[in-house]
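Subject: Structure for you to look at

Hello,

Here is the structure I promised to pass on. Please open it next to this email and follow along.

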Amino acid sequence: MRKKIAMVAALFAAMAVSVNAQKAYEGTAFFDNWYIGLNGGGVTPLSHSAFWKNMRGAVGLELGKQVTPVFGLSFQGLSAVNTSYSRTAFDALTLTANGKINLNNLFGGYLGKPRLLEVEAVSGFGWGHDFMNSGYGKDDSYLTARFGASLNFNLGAEKAWSVNIKPAVVWRMDGTALNVNRSAMELLAGVTYHFRGSNGKHYMTIQRPYDACEAEALNKKVNALRAEVELKREALDNSAARANELQDALEKCRKELSECQNAPIETIVKNSHTMSLESVVTFRQGSTSVGSDQIPNVERIATYMKNHPGSTVSIKGYASPEGSAEVNARIAQQRADAVKKILVNRYKISASRISAEGQGVGNMFSEADWNRVSIATLSDEGAE
């Protein structure tokens, strides 16, 4: 009998391995597909006693792992409630290692997730112990064999919980073959929680297979995309370098423009009767004060007038077109007066030699901002 049982178990295991080898699964690491269950029900002898009358309660825990969609292992502990004259609360304990074959997946194939109802064939071997005291017997230990089934109702969209009905026959293996006189029926029901695996599911999932041609095509596509990304990165780097060059050129142009604005502009007109010289003083937007960078242009006027006592200067102030005409006229006059004030107060040029007039908005330059100026025109009657 034992040889037959071993042969049947080996046959089921071979079938499980064969079915599992046909597909690749995700979520099959060592810590995947573990579960824990709480069981309760009754245990009754199968001979020499009334079936229901002699049934006593039983409760236990089960820890297991689904190795493949077909084959699983579990370790179960079950204690029977004492109904004899012995004073122990539980008079029997069994610890069993079970092997399980999922018949739905074995014969119908695995669908990628558990079905609503699945049936497992269960067989296992373990150790049992009876507890006795108060003179009604002595403790006894023995080996056990279990054969049964498990009807699993897998609940919810995630299939994390299942409700189980577990009928089984258990034999005491204390030196004899399987003997009905040493057997008992277990009728258990339980609830089981399946832990989440590395694939993010509470069960194994089917891995989509790729053939060699498809994998090669994907690799070529990936390599082509990488090359395209590299070319675009190179083009982006070139564009960034070009942008830096243009930025440098722009800064250079701005610097040259600033130098041109700050440089004194002189116009010398010479004829047989007079000699004149022009000097331009620039202003910031909205400002009527002569900046420190423009003092050299004013000093040039003062130096010329000191060297030519007969010379006079006409200062005309201008504004850019922002603002109203009234405001621009006032600003233009104030700019002319600002240059005159410096010539008189700092350089001690006689006010009678200086005229200052506001001209409103200027149009001497194409850039509107460049028209924020005061233009000083020197005249020296009779100079050769």
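**Aromatic rings first**

Phe51 counts as partly exposed, because its relative accessibility is 30%. Please keep in mind that this is a predicted model. Trp52 has a relative accessible area of 63%, so this residue is exposed; the cut-off for exposed is over 50%.

How many aromatic pairs does a search of the whole structure find? The search gives 7. One of them joins Phe30 and Trp34. Their ring centres lie 5.9 Å apart, and their planes meet at 70°. That makes the pair edge-to-face, because planes over 60 degrees apart count that way. Phe51 and Trp52 also make an edge-to-face pair, because their planes stand at 80°. Here the ring centres are 4.9 Å apart.

Now go back to Phe30 and Trp34. Is Phe30 buried or exposed? Phe30 counts as exposed, because its relative accessibility is 56%. Trp34 has a relative accessible area of 22%, so Trp34 is partly exposed. Buried would need a value under 20%. Ring pairs also bring in Phe31: Phe30, Phe31 and Trp34 are linked into a cluster.

Next, find strand β7, residues 140–155, and strand β8, residues 161–172. These two strands run antiparallel, and 10 bridges join them. Together they form a hairpin, with 5 residues between the strands. Look at Gly156 in the turn: its phi is positive, at about 80°.

Which residue of β8 stands opposite Arg146? That is Val170. Another contact to look for involves Arg172 and Tyr142. Arg172 lies over the face of the Tyr142 ring, 3.8 Å from the ring centre.

β8 has another partner, strand β9, residues 183–194. This pairing is antiparallel too, with 11 bridges. Across it, Asn164 stands opposite Gly190 in β9.

As you trace the strands, remember one general point. In a regular strand, side chains alternate between the two faces of the sheet.

**Helix α4**

Last, turn to helix α4, residues 295–307. The helix has 13 residues. From the first C-alpha to the last, α4 reaches 18 Å. That is close to the 18 Å expected at 1.5 Å a residue.

Which residues of α4 are buried? They are Ile295, Asn297, Val298, Ile301, Ala302, Tyr304 and Met305.

Best wishes

Definitions and conventions
Residues are numbered from 1 along each chain as its sequence is written. Side-chain values use heavy atoms; hydrogens and water are left out. Helices (H or I, at least four residues) and strands (E, at least two) are DSSP runs, numbered from the N terminus. The expected span of a helix is 1.5 Å times one less than its number of residues. Buried means under 20% relative accessible area, exposed over 50%, partly exposed in between (1.4 Å probe, protein chains only). Rings of Phe, Tyr and Trp (its six-membered ring) pair if their centres lie within 6.5 Å; planes under 30 degrees apart count as stacked, over 60 as edge-to-face and the rest as tilted. A charge sits over a ring if NZ of Lys or CZ of Arg is within 6 Å of the ring centre and within 35 degrees of the ring normal. Two strands pair if DSSP finds at least two bridges between them.
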